[in-house]
Each structure stands twice: as C-alpha cells, then as structure tokens.
Amino acid sequence: MKPEEISAYIENLHGRFKELEAMLADSNIYANPNECRKITQEHRKLDNLFNIFNSWNETLNNLEENRKMLPNEEDADLRELIQSDIADLETKAADAEAALSVALLPPDPNDAKNIIIELKPAAGGDEAALFAAELARAYLHYAELRKWKVEILEQSSSDLGGIKDMTFSLSGEDVYSSMKYESGVHRVQRVPETESGGRIHTSTITVSVMPEAEDVEIDIKPEELRFDVFRSSGPGGQSVNTTDSAVRLTHIPTGIVISCQDEKSQHKNKDKAMKILRSRIYEVMEEQRHKEIADERKSQVGSGDRSERIRTYNFPQGRVTD
C-alpha cells in the first residue's frame, strides 16, 4: 500500500476505535469476560497501530524537511549533519514501516483465547520425562511473570521426578498469541542425570497448545459422550480414594478419550474432562481448516502439527535453535 492509501485506511479505523472505547466505558460489558477480552484486545491493537502510524508519519515528514534543506545548505559541517540525520531517519522510517506492516495484519481469531497445554515425553524414556518436567516449570514460571492464571488439569509423574504427561490451562492477557508457537516437538541434547558414562543423549517431548473452546463454538451432544468412572490411583497403583471419583470421558464420533482423576470430586473431574475435550475437538477443527487452506494454495500452512520439530536445546554448546 502507498503512504496515502495507508493513511486513508487508518483514518477509517478511528470510527471503530471510538466504538470500542464506548463499549469499554459501559460497565455491562464486564459481565461477559470473553467478550470483554476480545474488545480489549481489539482496542489495544488499534491503539498500538495508531502509535506506530503516527511515529512513521512524523519520521517521513522530518525526512522530507531534511531533504529539502540539504541542497540549499552551503556550510559543509551543517551539510554533513543533515546528511547524517537523513541516514538515521531513513533507517527509522524503514523500521517503522516494517512494524506498521505487521500491525496492519489481520489478527488471529484465537489470539484472545485462553489455552490448554499438553506436554508428553516422546523419545528418550526417563530423560524425556525429566526434560518435560523442566519445560513445564519454565512455562509455569513464565506464566507467573506474565501474571496469568494457571490451573493444573491432569498430571502424571515418573519415578525419577519427571512427567509422564501433564495438562494445564493458562488464562490471561495475550495468552494464545504469546504461546501458540510453542506447539510442536521439542528436542533436547545433553548428558542426562540417568547417564553414568557421560554420553550425550537426544530426547524429544511433544507440546500441544490448544485454544480453549467456548461452549458456543463446540456443539457436543450428550448422546455423543460416554462417561466411565473409576477409583483414582497413586504411584504403584495404590488406591488414594475410596470413592469412584475419577472420570474417563469418550467422545464417540472422534474417538477422543480424556481421563481426569486429580480432583476428589467426580463432578470437578467431569468438568475438567469436558474442558479438555472441547479444546481438543476445536484443535482438530482448526487443523482441518488449515489443511483445506494448504490444499487450496498447494503449500503447507503451519498448523501446529506436533510431528514437526520446532526447537532443539543443545546443552553442551549452550545453544537453543528454533
């Protein structure tokens, strides 16, 4: 887009910005957290866009003024100073234009959603489980720094303190947009604690980042579900519950099975299982949508497929490669 086209386009957005400000000024909007989050995010995105545009516009104006001054300036020192300013302003204008191009991109419809993260060891046995626990702690620490709410939905530990599998939800501002690129296979290369000979091992874990689906987005009919209850068990199979509080939920059309036993209440475990199920079904729908787009364009569009390695953590060389 040409500068004048960008200016006209952004000018038209000011009307929408005023609408959003009016919505946020209405106290009734806060009764619907999901709608409030979407409106707040759109308002913040537009505000950021206007700030970038104003900075870019101001830089272009200053650049034009300096270019007009240069031919008429006879003093050599001042000419050198103006030329230096022009070079700096050209760099600043290019950076602002790049930032503006990103800000003008349409938002991901899932960016305002909360998420559910699943971590599972893949190749590497106990070492993979140990690394899964370390990565989980890193994510939870990051969530604490971002002031996100964390809820552990399901967790199973290994004998050495690792994680066999872990599912947790993150709620807060910009959760999905900040975490969506974590989805995929994470590979670690290091000498594990379980290795006595000092050899470097390569292990992998899978991370799935799923937008949390709302009830209105996923229509799950009662007849499509099968609930089974059983007693929760701890390490070694020892019973830690005297009631059938654990829940196994099967979604018959897709074959997705969810088990939850962390809570002592069967009702709470059922709610957690439904929460995970909605997100998994939503993820399947999103992957199908991306596949259709990719087929139409005859090129692969990133869909967060967990079979694709996204990052390698090389401990001996102190290197992380995305």
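Modeller: Let's start with a definition: a residue is buried under 20% relative accessible area, exposed over 50%, and partly exposed in between, using a 1.4 Å probe and protein chains only. Please note that this is a predicted model, where local features need pLDDT of at least 70, side-chain atom pairs count only at pLDDT 80 or more, and totals for chains, interfaces and linings use all residues. Residues are numbered from 1 along each chain as its sequence is written, and side-chain values use heavy atoms, with hydrogens and water left out.

Biologist: Why is Arg 190 called buried?

Modeller: Arg 190 has a relative accessible area of 8%. The cut-off is under 20%, so Arg 190 counts as buried.

Biologist: What makes Arg 190 and Glu 127 a salt bridge?

Modeller: A salt bridge needs a side-chain nitrogen of Lys or Arg within 4 Å of a carboxyl oxygen of Asp or Glu. Here the N to O distance is 2.6 Å, so the pair meets the definition. The two partners lie in distant parts of the chain, 63 residues apart: Arg 190 is in strand β4 (residues 184–190) and Glu 127 in helix α4 (residues 125–145). Helices (H or I, at least four residues) and strands (E, at least two) are DSSP runs, numbered from the N terminus.

Biologist: Why does the charged end of Arg 190 count as sitting over the ring of Phe 315?

Modeller: The rule asks for NZ of Lys or CZ of Arg within 6 Å of the ring centre and within 35 degrees of the ring normal. The charged end of Arg 190 is 4.9 Å from the centre of the Phe 315 ring. Lys 270 sits over the ring of Phe 227 in this way too, 4.4 Å from its centre.

Biologist: How many salt bridges are there in the whole structure?

Modeller: A search finds eleven. One of them joins Glu 118 and Arg 280, at 2.5 Å from N to O. This pair also links distant parts of the chain, 162 residues apart, with Glu 118 in strand β1 (residues 115–121) and Arg 280 in helix α6 (residues 266–297).

Biologist: How do you know that Arg 280 is buried?

Modeller: Its relative accessibility is 19%, and the limit is under 20%, so Arg 280 counts as buried. Glu 118 is buried as well, at 8%.

Biologist: What makes the rings of Phe 17 and Phe 50 an edge-to-face pair?

Modeller: Rings of Phe, Tyr and Trp (its six-membered ring) pair if their centres lie within 6.5 Å; planes under 30 degrees apart are stacked, over 60 edge-to-face, and the rest tilted. The centres of Phe 17 and Phe 50 are 5.3 Å apart and their planes are at 75 degrees, so the pair is edge-to-face. Phe 17 belongs to helix α1 (residues 3–25) and Phe 50 to helix α2 (residues 33–69).
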